[in-house]
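These are my notebook entries on one structure. I record what I looked up, entry by entry.

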Amino acid sequence: MIEIVLVFAAAIALGWPLGLYLARVLRGEASRLDVVFGPLERLVYRALGTDPRLGMSWKGYARAFVVSNVVLGVLVWLQFMTQTWLPLNPDGVPNMRWDLALHTMVSFLTNTNQQHYSGQAQLSYLSQMVGIVGLQVITPMMGLAMAVATLRGLFGGRDAQAARADAQSLPAQAVPAERDLGNYWVDLTRATVRFMLPLCLVWSVLLTSQGVPATLERGPTVAPVDATVELKEQHIPLGPVAPMVAIKQLGTNGGGWYGPNSAVPLENPTPFSNFLEVLAILLVPVAVTFMAGVLVRRRRFAVLVFGSMLLMSVVSSGLGAWSEGHSASTHDIALMEGKEVRFGADASALWATLTTQTSNGSVDAMHDSLAPLTGGVAIVDMLVNAIWGGIGCGLMQFVVYLLLAVFLAGLTTGRTPELFGRKIEAPEVRLFALLILLQPIVVLGFTAIALSFPSITANSNPGFHGVSQVFYEYASAFANNGSGFEGLGDGTYWWNLSCTLVLILGRYPALIVPLAIAGLMSRKKVATESAGTLHVETPTFALTLVAVIVILTVLQFMPALVLGPVAEHLSLAVS
């Protein structure tokens, strides 16, 4: 329990100044660090062929986002399928099969990091460092850039005076006709160079100090301690593990250098490394909530976002800790399989809940071995996908829930719904209704198909737990989380290709549709506040918003939750 309190306290204490700094970076304010970062950024802009003074409409911003994803995706996919012929492969790792390479590429391109492979055995050092870690650095900043552009749109676009000043030095035809939501390439570059890379460097050094490997040499070959076993020698895979662990945690990426992730002592050797890695899961998403208020110059908006997310996070973490350590099923010996016993039940529950609250997906205990209700809490966290959420993505999902709550509140009070003085009308409602309906159609649809054909799922538990395994896999893919219950034959064509489709449907509509809504709303006139104006930045509306999120999740997914984790808990509790 002490660790839970310390993690939340440290995340808030560090997240506040980081959020202020990130807001300054994304507002393009002058800084003493310009001497260091300025030349590097200008080099990137020249390589991309973009003018950093030129703003973009929401369509231009979305187009740049899609193009960058397609280009990176193709390059990384090809790398995975040719890694055995490329350098930095001292262990002679073979090429990936095309479907596994496709799933792995899409998984990391979508900031999900769902693994149907074992990292230390199926990826070369070059693939880990360039393909995996490269995407882990860039993709969370892509999500952050999209969230920043959406916030600008909801508040009318970038500052009009600043936009006019930029336009004076540009040709008339270069000034966008629609509202300026910023420059995608500038937002992505500044966030990566000035924020994420320095933070990762600090965390890498801290993890290396705890014994996490950071080397390019081939790992040692040793004799087993028990000389009577059939295996006479064992190869210990090493590599530049610490940098990957740093970005996988800080970027809400998940995955791991080793297949079992941070349950492996090499990846997570000490109690302090465990604290650092858990703290890193929460740190940047918390900072983004503080950044949001400063960026749009409405601190009460940041309080609304932070307060709502913190309330849901504390409840989720508390339920997970109770379920894992004190519920009726916790003493079943079967639940010890796959557990990391070095850190205890509370630490395992805290990691499991935070990693699913933030779409991180890394683990320090196998989720397949969690108490049934702890697994249920993890699934609900991913279905909500706005309890902190991924970097930028969680804020985007929160905005969708916010629009829905405002719309429902407007209907119940008989007023035209509006957010920050801009009316929510039919085009916006149709767009966010599409997002609300897309999740249950995709997740429940694929779960039903997989469970209807047991031969393609190859799951290890045909009963209630088997339902949870399949449901969890698709919920994790759609939420861009990446963690899994395991127990599935997930290296097959079915799982690779079906999860690839779910990964795409869970990532790109969730980022592009809110941006489109913001682009539409940015062009609307701001209504004058009156006695009938709905004030969203209040505790009452925050509770209403949380209630809408909970009710929506329960109504859509309660049958699946009852058939899976709830039924399994009851069966263990009475046995």
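**Surface patch**

I looked up V74 and found it at 42% relative accessibility, so V74 counts as partly exposed (between 20% and 50% relative accessible area; buried is under 20% and exposed over 50%, with a 1.4 Å probe and protein chains only). The model is predicted: local features need pLDDT of at least 70 and side-chain atom pairs pLDDT 80 or more, while totals for chains, interfaces and linings use all residues. Residues are numbered from 1 along each chain as its sequence is written, and side-chain values use heavy atoms, without hydrogens and water.

I placed V74 in helix 3 (residues 58-81); helices are DSSP runs of H or I with at least four residues, numbered from the N terminus. V66, V70, V74 and L78 form a nonpolar surface patch with about 310 Å² of accessible area together. Accessible areas come from the Shrake-Rupley method with a 1.4 Å probe.

**N480**

I located N480 in the loop between helix 17 (464-478) and helix 18 (493-522). N480 counts as buried because its relative accessibility is 7%. Beyond four places in sequence, I listed its contacts (heavy atoms within 4.5 Å), among them T110, S359 and R507.

I also noted that N480 and V470, 10 residues apart in sequence, lie 16 Å apart in space, C-alpha to C-alpha.

Terms used. Helices (H or I, at least four residues) and strands (E, at least two) are DSSP runs, numbered from the N terminus. Patches are made of residues with over 30% relative accessible area and no salt bridge: like charges are joined within 9 Å, nonpolar side chains (Val, Leu, Ile, Met, Phe, Trp, Tyr) within 5 Å. A salt bridge is a side-chain nitrogen of Lys or Arg within 4 Å of a carboxyl oxygen of Asp or Glu.
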